[in-house]
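Colleague: I would like a close look at one part of this model, taken slowly. Please keep to what can be read from the coordinates.

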Amino acid sequence: MLPRTDPAALEALRVVEAELNTRWPESKIDPTLERVAALLDLLGDPQRACPVVHITGTNGKTSTSRMVDALLSGLDLRTGRFISPHLQLVTERISVDGVPIDPQRYVEVYHDVAPYVAMVDARNEIPLSKFEVLTAMAFAAFADTPVDAAVIEVGLGGTWDSTNVADGRVAVIGPIGVDHVQFLGSDVVGIARDKAGIIKPGAIAVLAEQDRPEITAALLHRCTEMDATVARQGQEFGVLAREIAVGGQLLTLQGLGGVYDEVFLPLHGKHQAANASMALAAAEAFLGAGAQNQLDIDAVRAAFAQVTSPGRLEPVRSAPTVLLDAAHNPHGARALAAALTEEFDFRRLIAVIGMMADKDAEGILGALEPVVAEVVLTAVDQPRAMKVDDLAAVAKGVFGEDRIVIEARLDDAIETAVGLAEEAAEPGQPLSGAGVLITGSVVTVGEARSLFGKEPA
């Protein structure tokens, strides 16, 4: 479902997207910042027009970015936010004051930078990639507004990601696991070193708790090299308490400047509480808060209370409940399974799963198997999508043939899953005991949002 806007603007947006799609996709990278740096130099280095909060990690980047944005906006700063990928419409990637720029503005920014893109392309054997152009567009839009703070989510990795042309005042590194193996490798310590590349000289590094001490050691080594100030989750900041509440959770957070209690977060899962603690520490670090210098607690509460993170355990239907979650690697799938177990009381849960061909299907399915009764396997209309028969071959080894249904189209898969959930209701029992989970990739969840009539957010 496209936003309610001028059809001519949407058509112009489609033309721009078609042009951008002739470039290298985001699934293909070249380890250099030279091209994007040259483009930004021609644009007057807009990435230096305002201070930056730079965010990386294997999972949770977008949710954390949204929370940091909400906190800084709630404390009277004008913000720009750049995230990736988008769920439904590419304009979601570039936001000002928490709202995606409209299609007309997106097209204007593209045409503003296009002549300079052509100049850089002419000087290089490899043209600028789509993501490099999008990065430049975001910084140009923020400089033109202008904004007081830019919240920038890394696209992939850290060191060689095009967003790393910016020097973040605050560098946030979330939990690190294995993903994008074809680019980052399977050595999680090597992945940590790559992501640590966003920590720049004199920055404040906000570090999540990690599963393995050698990951933390790699991050701290980079901090030492860069003479960065360190704030560690579980030590300088963290979650002191959390209670499940209607529509989310109630948190007590230890920030860098003190304790923030009675913080309602309208998102589900222990992982989102951890993201909230990182976002709070990042906002405090950005604004210079510390011991004896706490942020306004009422503003913090108000900011968290209005946070949204579409496609992250997002309910889109009731009776039966249908949830969307963009988990697309084993690390994310484990967090999803834990949240479902702790915060939802489904008697029977049916999962609709479609994923990309380069993902760890066995790892994702294995993480979800204990909480899912049956799976409806499907494929989305995307070149990188895993063929449904290939996904089924993996799923049979995890779920067994009796718990698998195959549907070639996502809309049919959702209809089948809802039917299975409705069949699970016992006579005279409400449908609330059965549910449907749609997951496996950002693309799958984005298409599902559109099918359920949700506008881009």
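Are α1 and α4 oblique or roughly parallel to each other, and why?

Modeller: This is a predicted model, and what follows should be read as such. Two packed helices are described by the angle between their axes and the distance between the axes. Helix α1 covers residues 7-20 and helix α4 covers residues 103-123; their axes come within 8 Å and cross at roughly 40°. Angles under 35 degrees count as roughly parallel, and the crossing of α1 and α4 is roughly 40°, so the two helices are oblique to each other. The crossing in which α1 passes α4 is left-handed.

On the α1 side, the contact is made by Ala9, Leu10, Ala12, Leu13, Val16, Glu17, Glu19 and Leu20. On the α4 side, Pro103, Gln104, Tyr106, Val107, Tyr110 and His111 take part. Sorted by class, the residues of this contact are 10 nonpolar, two polar and two charged.

Arg35 belongs to helix α2, residues 34-42. Its relative accessible area is 5%, so Arg35 is buried; the cut-off for that word is under 20%. Once neighbours within four places in sequence are left aside, Arg35 is in contact with Asp30, Val120, Asn124, Ile126, Pro127, Leu128 and Glu132.

The axes of helix α7 (residues 188-195) and helix α8 (residues 213-226) come within 9 Å, and the crossing is roughly 25°. That angle makes α7 roughly parallel to α8. Here α7 passes α8 in a right-handed crossing. From α7, the residues Val188, Val189, Ala192 and Arg193 meet Glu214, Ile215, Ala218 and Leu219 of α8. Six residues of this contact are nonpolar, none is polar and two are charged.

To return to your question, α1 and α4 are oblique, and their crossing is left-handed.

How values were computed. Residues numbered from 1 in each chain as written. Predicted model: local features only at pLDDT ≥ 70, side-chain atom pairs only at ≥ 80, totals over all residues. Heavy atoms only, no water. Axes fitted to C-alpha atoms, helices over the stretch in contact; angles between N-to-C directions. Helix = DSSP H or I, 4+ residues; strand = E, 2+ residues; numbered from the N terminus. Parallel < 35°, antiparallel > 145°, perpendicular 65-115°, else oblique. Left-handed = near helix turned anticlockwise from the far one by under 90°. Contact = heavy atoms within 4.5 Å. Nonpolar A, V, L, I, M, F, W, Y, C, P; charged D, E, K, R; others polar. Buried < 20%, exposed > 50% of the residue type's maximum accessible area, 1.4 Å probe, protein only.
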